Every structure is written in C-alpha cells, then in structure tokens.
Amino acid sequence: MRIQLLRSFVALTLLFANSISSASPVGLSTNSAATGSYNSPSAKTLVFSAIPDQDEANLQERFDKVAVYLQAQLGIEVRYIPVKSYSAAVTAFRNNQVQLAWFGGLSGVQARRLVPGSQAIAQGTEDPFFSSYIIAHSSTAIEPSDNLPTAIKGKTFTFGSKGSTSGRLMPEHFIRENLGDTPDQLFSKVGYSGDHSRTIALVQSGAYEVGAVNYKVWDQQLAAGEIDSDKVKVIWRTPSYPDYQWTVRGDVNDSWGEDFQARLTEALLAMDDPDLLASFPRSGFIAADNELYQPILDTAISVGIIDADK
Amino acid sequence: MPLSAPNKTSSPAPQSISSAINTSAGALRTISFWFAICALLCLLLVDIDISTTDPWAEMGLMTAGALSPLVWSWPTLLSSLANTFAFALQGVTVAAIVGFALALGYRFTLVRAFCAFIRSIHELFWALLFIQVAGLSSLTGLLAIAIPYAGTLAKIYGELFEEVDPAPSNNLPRGKSRPLSEFFYSVLPLAWHSMATYTSYRFECAIRSSAILGFVGLPTLGFHLETALSDGHYSQAAAFFYALLLMIGTLRLWLHKSLLPIYLVAVFYYLPPQATISWQLLVRFVTEDIVPAPLRGQALLSGETMSNVVQWINLLWQQQIWPGLLNTVLLGQISLVFTGLLALALLPLNSSLFIQRRWKRGIGDSVLILLRTLPETLLAFIGLLILGPSMLPAILALGIHNGAIIGHLLGRYTEELNLRADASRGVTLYFYEVLPRIYRQFLAFLFYRWEVILRETAILGILGIATLGFYIDSAFETFRFDVALLLILVSAALNISVDQFARYLRQRLQLKTVPESL
C-alpha cells in the first residue's frame with residue numbers, strides 16, 4: 001500500500017517537475033531556461049505584472065491574453081507573472097524581475113521613486129478621473145449625500161489594502177480634508193480588509209459599518225448582481241484623482257533597442273480589442289507621464305505613506 | 001468559574017502525601033492562578049465588543065462553498081500541493097541539521113538568544129525579507145521555513161539534551177574527558193526518540209507554514225487559497241483547503257521513516273533551492289534599505305544626525321513600538337489562557353482513555369486536525385463576520401488554532417499513562433487522575449506555544465489590531481525596511497524575554513519536555 005502510494009507520488013512529482021514552469025504561478029521551476037527568464041534581466045523576455053486589485057483568480061487568464069497581444073506587436077517574447085500584493089508588484093519591478101507593470105496610482109509612484117528613470121507611459125481612458133466610493137451598511141441609516149456625511153464619525157471603518165490608492169490613500173486623504181482629523185481619531189475602529197471585494201463583503205455583512213472602495217469594482221459587482229442594495233449602499237463619491245497606469249523601467253531600451261519604449265507605448269495605446277480591454281477593465285488607453293501623478297505623490301507624503309525627500 | 005477548575009484539580013491529593021509533592025502542586029496552582037488573573041485583567045483593558053448585524057449571507061456562501069468544493073485546475077492544485085510538500089520537507093531537513101548544531105551549544109545564553117531571535121520572526125516576514133534580495137525563488141521558500149524552524153528545533157533538542165537521565169554520563173569512567181564521545185554515547189541515544197517524535201510533529205507544522213507562504217506569493221496551496229478566499233470563491237477555496245487537510249491527515253500513512261531518503265531526493269530534484277541573487281540588490285538592501293532613514297548618506301557622528309536618529313526612534317516609539325508592544329502582550333496573554341482552556345477541553349477527543357472506539361477517536365482526531373489546519377486568517381475573517389471587529393475574533397482564532405495543537409499533543413500523551421485496572425471513568429477519571437498527572441506536561445506545552453502565539457498576532461491585520469506584526473506588515477507595504485527591521489528587533493527582544501521567563505518557570509516548576517522522562 002505504502003509502496004504504491006509512494007510510486008504514484010514519485011510519478012506525479014516527476015510529471016509536474018516538467019510541467020511546473022507553466023503550471024506554477026510565479027514560474028518557479030527546475031527548468032533553468034524558465035528560471036533564467038524570471039530571475040535575470042539579461043534574458044530577452046519582457047516580463048510584466050499587475051497589481052492584484054480584484055478577481056485575482058482570473059488574473060493569469062486575463063493578462064496572458066495581453067502578453068500574447070504584446071508579443072505579436074513587439075516581436076519579442078512577453079510573459080506575465082501574477083503577484084499576491086501591491087508591494088510584491090513594486091518589489092518585482094524594483095528588482096528588475098518585471099520590466100513593465102500595470103500599477104495603481106500609489107504603487108506606480110512608489111515604484112518610480114524606487115527605480116529612477118522609470119516612466120509612466122499609458123493610462124486607461126478612465127484613469128485621469130478615477131474615484132472612490134464611501135459605502136455604508138443600512139443599519140447606520142446614513143443617506144447618500146454630495147458632501148461626506150459627518151455621521152460616519154464614530155462608526156467602524158475598513159479600508160482595502162494598505163497600499164491601495166482607491167481603497168486607502170485617496171479615501172483617507174478626502175476624509176482628513178473633509179472631517180479634519182485622522183481615521184484613527186474619527187472612527188471607533190479602523191481595519192484593512194485586504195482588497196475591494198472583501199471590503200464590500202465586510203460592510204454588507206455589517207462587520208464594518210462604513211468602508212472605502214474602488215468605484216469600478218463596486219460598479220462591476222453591482223452590475224453582476226453580487227451586491228445586496230438593501231444592506232449596503234454608496235453614501236459619497238470622492239472627487240476625482242489620477243489612478244492606474246502602465247509604468248516601464250528606464251533601462252528597457254538597453255535590452256530591446258533604441259526605440260523600444262516608444263514602440264511599447266504605441267502598442268499599449270493601440271490596444272482596442274474589447275476582450276483585451278476588459279482585462280483591466282478600461283475602455284481604452286491614453287498617453288501618460290510621471291507629472292500626472294504628482295498629486296498622488298503629494299497626497300501620499302501628506303498622509304505619511306511616503307517620506308518627503310530631504 | 002471555569003478558569004480555576006484545572007487549578008483546583010491539579011492538586012493530586014489529600015494532605016497525607018509527602019510535603020514535597022504538595023509544594024510542587026502548590027506552585028503549579030499558584031502559577032496557573034496568576035496566569036488566569038493576568039488574562040482576566042488584560043480582558044478588562046481590551047476591546048471585546050460584539051457589534052455585527054448581518055453575517056448570515058456571507059456565512060451562507062461560505063457554507064455552500066465548503067459543501068461544494070470545486071477544483072478549477074487539477075495541474076494547479078497538484079503542483080501547489082507538491083510545492084507545499086517540497087518546501088516543508090526541505091525546510092525541516094535543513095532546520096534539523098542546523099538546529100542540531102545549535103543545540104550542542106544551547107547552554108550558552110548567546111546561542112539561546114540567537115535561537116530565540118531567529119524563531120521570533122514569522123515565516124512570512126522571513127519570506128518578505130528574502131524576497132527583497134532573492135526574489136520569489138525556491139531559495140526564499142526554503143530559507144523562510146528553515147531559519148525559524150532551526151531556532152525552534154535547536155530549543156527543543158537543546159532542552160532534551162539537558163533533560164536526559166544523567167546517570168549513564170555520570171557513570172562514565174573519570175579521567176580522560178572526551179565530551180564528544182560522551183555526548184554521542186550517553187546523551188544522544190537517550191534523547192533520540194523524543195527528537196525524532198518532535199521533529200516529525202514539526203514537519204506537520206512546516207506543511208502549514210509552507211502553505212501560508214503562498215500568502216506572499218510563493219506557489220504553495222496558500223497562494224490559491226488566499227486568492228479564492230479574498231475573491232469570495234468559496235468552492236475553489238474549499239478544494240485547496242481540503243487538499244491541505246488531506247495531506248496533513250494522511251501523513252502517518254505515507255511519511256514513513258524508511259521512505260524519507262526517497263522523498264528527500266525527490267523534493268530536491270523537483271524544486272532545487274535556487275535564486276539568482278544579484279549582489280547589487282544585496283548591497284543596496286544592506287547599505288541602504290535597512291539603514292535608518294535619518295542616517296542614510298549622512299555623516300555618522302555629527303550632532304545633527306544623532307538628534308535626527310533620536311527623533312526618528314522617539315516618533316516610532318510613540319506611534320508604533322509602544323502601542324504595538326502593548327497590544328501584542330495583551331492579545332498574547334489572553335489568547336494564551338484561552339488556548340490552555342481549550343486544549344484541556346479538546347484533549348479527550350483523541351485519547352483512548354476517554355474514547356475507546358477506534359472510529360470514534362478517528363472522528364475526534366479529524367476534528368482536531370481540522371481546527372489546527374484552518375489558517376488563523378480565515379478563522380479571524382469568520383470571527384470578524386460574526387462578531388464584528390474587536391480583539392475577540394483574534395483571541396478566538398489564536399485560541400482555536402493553538403488549543404487544537406496542544407489538545408492533540410496532550411491527547412497523544414495521555415496514551416502513555418498507565419492506569420490501574422480499577423481506574424475511574426469519564427469525568428471522574430479526567431479530573432481526578434488524568435488532569436493532575438498531565439498538568440506539568442500541559443504547562444510545558446503551553447509555555448512553548450507562548451512565543452508562537454505572540455508571533456502569530458502579526459497576521460491578523462484584517463481586524464485592525466495594531467500589534468507589532470501589524471506595523472511590521474505596514475512597514476513592508478510602504479517599503480520602509482529600516483522601520484520593519486527595527487520593529488522586528490523589538491519583537492525579537494520581546495520574544496527573548498518571554499523565552500527566558502518561560503525557561504525560568506519551567507525550571508522552577510520542574511516541567512519536563514520529554515513525556516518519557518516524567
């Protein structure tokens with residue numbers, strides 16, 4: 001019995017030793033070629049990643065299509081690797097394990113500060129005017145309003161991920177601006193749910209009375225019928241701010257040729273297949289630059305997430 | 001009052017028994033009393049309000065998911081299962097070798113402090129540190145398990161060596177002192193069995209740790225489990241969780257000593273520890289990232305720099321270190337006592353003294369495996385849904401997880417008690433015979449878990465409880481590795497103090513690590 005189990009285990013082990021490079025999420029592999037392309041920047045594969053802001057299970061599927069598109073457009077090998085957190089995406093970018101990334105506003109600013117010379121090159125059509133919703137459980141009886149309702153004071157409150165622009169940074173900024181105090185002072189309890197879907201689930205269950213969420217994730221889940229409007233609703237929409245963008249390392253031209261960054265930008269801007277765009281989800285891409293995100297940097301410094309330069 | 005029950009019964013008996021035994025039972029009673037009082041006082045200081053309104057919709061989805069596990073990709077499931085096993089086995093193997101070497105010098109305070117230091121850092125934080133220089137590589141996974149486990153195994157081995165029966169070694173002919181031969185012939189053989197038992201138990205823990213490493217991106221079961229949970233795909237989450245449960249539940253069937261070499265070769269062939277470590281990254285990490293911000297690029301000895309550093313530490317102390325320490329200690333203390341109570345309540349589940357039928361005990365065993373395998377973050381999330389945000393879900397999560405672990409160990413330990421033929425049964429047996437006889441062992445296990453509980457308070461950020469680990473996580477999230485390192489050093493100092501205190505108690509109460517030596 002044991003021997004048989006062992007045999008099948010060894011067989012499985014050997015089987016997957018060969019297939020792991022495609023099956024494993026981060027490309028950990030015994031296959032030196034695959035490992036090389038993941039770990040070393042000198043290999044000629046462009047590796048990109050994206051922050052896991054929602055629907056993580058399908059990230060691989062969604063972004064593999066984008067990889068295929070970029071590969072066809074650029075004529076080089078392009079691979080997507082999924083990561084588990086916003087900071088992991090930034091770290092991979094910083095360590096040159098990925099050369100291109102679909103960042104949020106804050107993670108992009110952090111990444112570009114850590115990698116001098118890197119550039120924001122494209123953003124979604126919606127991203128110059130992104131916003132967050134403040135949502136509340138029905139038991140709070142807080143009604144939607146044009147101004148941030150002061151009735152949220154003293155409630156329990158959850159942000160999304162600690163490093164999220166729309167789930168943490170900007171809501172915190174607007175709450176401080178409108179109510180004149182820090183979240184710790186204003187709310188009876190402050191939690192960090194980890195991501196937007198979870199924020200919605202926690203406020204819908206009443207575990208937290210109020211929360212902050214990415215407006216696109218909310219709209220999408222509402223349309224999909226995953227939200228019970230009797231239990232949770234939007235009580236305020238923040239003013240708009242710039243959010244997601246494609247950021248590329250400054251040294252890509254050294255690896256793939258003089259005009260590579262320009263060609264990459266062009267390929268991103270030319271993406272018009274609705275199926276591809278749904279991965280983000282955006283209606284299209286427009287040009288972007290680092291300057292656009294100065295307000296995010298300023299906010300991050302004022303909220304204390306980033307230290308000001310000396 | 002339930003808290004005092006174990007204390008009352010721990011006294012083995014009437015006055016007729018020799019005073020020596022009475023005194024030591026009294027000490028056990030006193031220490032249990034103070035721990036319970038401490039926890040009750042802590043309870044007064046923390047927030048344990050229940051505040052939720054409507055958890056049932058989400059709970060319904062979770063239940064439905066648990067009942068209808070769905071494997072969306074077999075290759076993914078199997079490869080993450082294999083990765084989980086590989087990291088765990090490699091990690092424990094390396095940890096056992098390094099831990100053994102460290103245990104040889106365990107009588108030196110410095111070595112003990114070093115071991116307490118490396119095991120005080122949660123696996124996830126070790127992984128986050130290595131990711132900065134070695135990326136998401138197989139080497140990162142191996143080291144993240146091997147390092148803290150080496151610290152733990154060194155402690156266990158070291159204490160086992162201290163506790164072996166000194167008679168054989170005392171009877172060696174005096175004269176030529178050959179410490180090495182003495183150790184190998186009169187100490188190691190006596191400790192060997194316990195070492196093997198404990199190491200194989202740690203392997204189960206390592207599988208859980210390995211799975212949890214997926215939370216930060218290594219390709220183990222936790223990667224997909226966490227993803228599915230945060231997306232609310234409970235059927236998929238259930239499939240990954242059951243796979244983990246199955247692996248842990250069947251360990252005894254397939255992880256046999258004689259097969260170990262084969263497994264070892266297989267896992268090192270399958271997932272060779274490797275990483276392209278860039279010196280540039282390493283140098284940057286050591287000379288820049290972890291250097292306190294006010295020191296970077298400054299003249300070290302200038303007065304201004306020093307005052308900036310003092311200010312930096314002062315601010316951190318006020319905003320993070322002090323509240324972090326306070327919350328960690330409060331949560332740890334309450335959870336420790338709750339863990340103890342739960343362990344005592346759960347131990348009959350897998351003890352043949354209380355459940356005679358094999359199949360019934362099988363069920364009890366499965367319940368314990370289930371409870372200790374559920375990741376604490378999941379328990380905390382469920383607790384948060386039902387009870388709202390407070391320290392209560394954290395206490396429950398830590399207590400259930402650790403209580404099931406100690407309950408399991410105690411249950412196994414009761415198997416070694418020899419009862420008289422006319423021993424009582426059921427409740428009477430439990431309170432008047434088993435509990436008094438295992439109480440020392442119980443305290444020994446509990447003191448071991450103490451530092452583990454403190455370390456695990458780190459991963460409950462969803463509850464917004466600002467423990468040291470919460471701030472360490474925030475520091476990693478904002479790329480302030482200098483702050484992360486400082487906080488890690490503080491939590492290591494806390495851990496070393498707790499370890500020293502537990503060691504003092506253990507010696508004072510003559511608690512033994514080894515079941516056989518009791």
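Chain A carries an open sheet of five strands in the order β7-β6-β8-β5-β9, and the pairing is mixed. Strands here are DSSP runs of E of at least two residues, helices are runs of H or I of at least four residues, and both are numbered from the N terminus. Two strands count as paired if DSSP finds at least two bridges between them. The edges are formed by β7 and β9 (232–237) of chain A, each of which pairs on one side only. From one strand to the next, the twist averages 30 degrees.

Before I continue, a word on the source: this is a predicted model, in which local features need pLDDT of at least 70 and side-chain atom pairs count only at pLDDT 80 or more, while totals for chains, interfaces and linings use all residues. Residues are numbered from 1 along each chain as its sequence is written, and chains are lettered from A and ligands numbered from 1 in the order in which they are written.

Returning to the sheet, strand β6 (residues 156–159) of chain A pairs with β7(A) in the parallel sense, over four bridges. Within chain A, A:Thr156 stands opposite A:Lys189 in β7(A). Helix α6 (residues 165–179) of chain A lies across β5 (132–137), β6 and β8 (210–214) of chain A, and runs at about 115 degrees to β8(A). Helix α9 (residues 215–223) of chain A also packs on the sheet, where it touches β5, β8 and β9 of chain A, and its direction makes about 95 degrees with that of β8(A). For these angles, axes are lines fitted to C-alpha atoms, for helices over the stretch in contact, and the values run from 0 to 180 degrees between N-to-C directions. Two residues are in contact if their C-beta atoms, placed from the backbone, lie within 7 Å.

I turn to chain A as a whole. Its secondary structure comes to 13 helices and eleven strands. Of the 310 residues in chain A, 51% are buried; a residue is buried if 20 or more other C-beta atoms lie within 10 Å of its own, exposed if 12 or fewer, and partly exposed in between, with C-beta atoms placed from the backbone. Among contacts in chain A between residues at least 6 apart in sequence, 74% join residues at least 24 apart.

Is A:Gly75 buried or exposed? A:Gly75 lies in the loop between α3 (59–74) and β2 (77–80) of chain A, and it is exposed because 10 other C-beta atoms lie within 10 Å. The C-alpha atoms of A:Gly75 and A:Met170, which are 95 residues apart along the chain, are separated by 39 Å.

Next, the domains, whose bounds come from an automatic or database domain assignment. Chain A is divided into domain 1 (40–127 + 243–303) and domain 2 (131–237). Their C-alpha centres lie 28 Å apart. The contact takes 14 residues from domain 1 of chain A and 16 residues from domain 2 of chain A. On the domain 1 side, α4 (86–94), α5 (105–114) and α13 (294–303) of chain A give two or more residues, and α13(A) gives the most, with four residues.

Chain B is likewise divided, into domain 1 (19–48 + 315–518) and domain 2 (71–289). Here the C-alpha centres lie 21 Å apart. The contact takes 26 residues from domain 1 of chain B and 23 residues from domain 2 of chain B. On the side of domain 1 of chain B, the largest share, eight residues, comes from α21(B).

How many residues of each chain are in contact with the other? The answer is 57 residues of chain A and 58 residues of chain B. Elements of chain A that give two or more residues to this side include α1 (2–23), α2 (32–39) and β7 (189–192). The most comes from α1(A), with eleven residues.

Finally, the core. The largest nonpolar core has 225 residues, and among those with the most contacts inside it are A:Ala89, A:Ala101 and B:Leu487. A nonpolar core is a set of buried Ala, Val, Leu, Ile, Met, Phe, Trp, Tyr and Cys residues joined through C-beta atoms within 7 Å. Helix α19 (residues 426–456) of chain B gives the most to this core, with 15 residues. Leaving aside neighbours within four places in sequence, A:Ala101 is in contact with residues including A:Phe48, A:Ala89, A:Phe93 and A:Thr247.
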